[in-house]
Amino acid sequence: MFRHILSVGGLTLASRVLGFVRDVLTAALLGAGPVADAFFVAFRLPNHFRALFAEGAFNSAFVPLFSGKLVEDGQAAAKRFAEEVMALLLAVQLVFVLGILAIMPQFMTVFAPGFSDEPEKFRLAVLFTSITFPYLLFIALVSLYGGVLNSMSRFGAAAAAPILLNLCLIAALVLATPLMPTAGHALSWGVLLSGVVQFVYLAWDANKIGMGLRLVRPRLTADVKRFLAVLGPAALGAGLTQISLFADTLIASALPTGAVSYLYYADRLNQLPLGVIGIAVGTVLLPEMSRRIKGGDEAGAVDSQNRAVEFSLVLTLPAAVAFLVAGLSIVAVLFQRGAFGPSDAAASAATLQAYALGLPAFVVIRSLVNGFYARQDTATPVRVALAAVAVNVALKLALMGPLAQVGLAVATSVSAWVNAGLLAWLLTRRGLFRADARLRRNLPRMALAAGAMGGALWLAQERLSPWLTANGLFERMAALILLCLVGLLVYGVAAAALGLVRPSDLSRLRRRRAG
């Protein structure tokens, strides 16, 4: 499991690095003005619906059922099931996308009402979203193929697909921007192209192992009905989660120009550990637990979940501390140039620090929720999500006035802790999960190691301040890299001294990777 997590995390890290290149270019060319706000809304909206209809809800329902088919009935039966689900998914997505495109101005009035007071920003948002929205159709199919490949322990292609997204957007910025009215136009077309490219790539990889899916007529077979029964609560839970994300977009659109952009840049940095660690762990853990539970190995499933939570926190706590201590330095070095000025960097950094408060909870949720999904219980996480969303939206409305977009990020972080706490409590109460002795022993050690790293970062940042704020890009980047290396070194030494990471564990992992 750890070998697969490292593989998925490594590919995700490569994607995030390219994503930072993309965001540096975007910040320089778009800044945080009306064109940027319009594009970020156009980029967010299809991704909101992706999480609702495809990625989160779909995988939580599809992967356990597909994995069960593989174990019990073999690859041919599992492939037929995937083809039946693809037919239904394609039909529903096609109708939905065409319907939204037909009412796009009205749709934008509902989901970004604050733009209505600025006609040019509203017009651009409608145009950009009309270009990006069909991306949803292709990325839904990418989620299906990703579920198939992950269930067969073939994690590489699905983890590499986002790399293609970033390459397409970088190419759009560099090559297409001079040919179009704004960089926002070029990025919108780049989003659509990336959906096509990702779909073709995953379909090709699946075909190599005999899992190329044929297009069949949509039918409500017994297996599809079972899938829909599991999908229903999962989709509702994903819908509740997306309500809080939609609330960010709605409320931020009513805040002064730049708020949407500040949330975007802060979230992009926050997504680095969440994507590299949380998504990698969740992607590998779900089929791992599903297979163990289907094979009657409940103890092995609980052990896998303990190790996933431990692994997630070991890597996430230092990232959260780094954002809290050095958030402004990170944002300024990466993004402050061209149209993105010092005030934009300060606003984005404050938002990043608010997101960092909830980062450990966000990552742990990925591991905890799979305790329900692997047992085909998609209803319980819905009830938990409902409570978390209620807290989230209430706090957003209370904090948007005094704290602007920072208040939205604080609300998101608090609701993440509510979500994680309720999931852990319910799993423990039902006897499905209990923190074992190793996890309980290591939690305070993680906090101590992260605290030591935070102190070292604060001191190093003071010493490196002249270079972090220099005019030359090379000096600033070199200082940021040195700052990261100081944090990494101190955390590694502290973790080893506290017994959190043992050399024998690393040696054994290297031997497994070599084997």
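Biologist: Are Tyr 264 and Tyr 265 buried or exposed?
Modeller: Both Tyr 264 and Tyr 265 are buried. Buried stands for under 20% relative accessible area, exposed for over 50%, and partly exposed for anything in between, using a 1.4 Å probe and protein chains only. Keep in mind that this is a predicted model, where local features need pLDDT of at least 70, side-chain atom pairs count only at pLDDT 80 or more, and totals for chains, interfaces and linings use all residues. Residues are numbered from 1 along each chain as its sequence is written, and side-chain values use heavy atoms, with hydrogens and water left out.

Biologist: Got it. How many aromatic pairs are there in the whole structure?
Modeller: A search finds 16 of them. Rings of Phe, Tyr and Trp (its six-membered ring) pair if their centres lie within 6.5 Å; planes under 30 degrees apart are stacked, over 60 edge-to-face, and the rest tilted.

Biologist: Why is the pair of Tyr 145 and Phe 199 called tilted?
Modeller: Because the ring planes of Tyr 145 and Phe 199 are at 50°, with the centres 6.2 Å apart. Tyr 145 sits in helix α7 (residues 135-151) and Phe 199 in helix α9 (residues 183-208), so the pair ties together parts 54 residues apart in sequence. Helices here are DSSP runs (H or I, at least four residues), numbered from the N terminus.

Biologist: And how accessible are those two, Tyr 145 and Phe 199?
Modeller: Tyr 145 is buried, at 4% relative accessible area, while Phe 199 is partly exposed, at 23%.

Biologist: Which residues do ring pairs link into a cluster?
Modeller: Phe 39, Phe 40, Phe 43, Tyr 264, Tyr 265, Phe 335 and Phe 340.

Biologist: New topic: at what angle do α5 and α6 pack?
Modeller: Helix α5 (residues 104-111) and helix α6 (residues 119-132) pack at about 115°, with axes 10 Å apart. That makes α5 roughly perpendicular to α6, a label for angles of 65 to 115 degrees (under 35 is roughly parallel, over 145 roughly antiparallel, the rest oblique). Axes are lines fitted to C-alpha atoms over the stretch in contact, and angles run from 0 to 180 degrees between N-to-C directions.

Biologist: Which residues of α5 and α6 make the contact?
Modeller: From α5, Met 104, Pro 105, Met 108 and Thr 109; from α6, Phe 122, Ala 125, Val 126, Thr 129 and Ser 130. Contact means heavy atoms within 4.5 Å.

Biologist: Last one: what is the phi of Ala 404?
Modeller: Ala 404 has a positive phi of about 55°, although it is not a glycine. Most residues other than glycine have a negative phi. Ala 404 lies in helix α16 (residues 380-429).

Definitions and conventions
Helix = DSSP H or I, 4+ residues; strand = E, 2+ residues; numbered from the N terminus.
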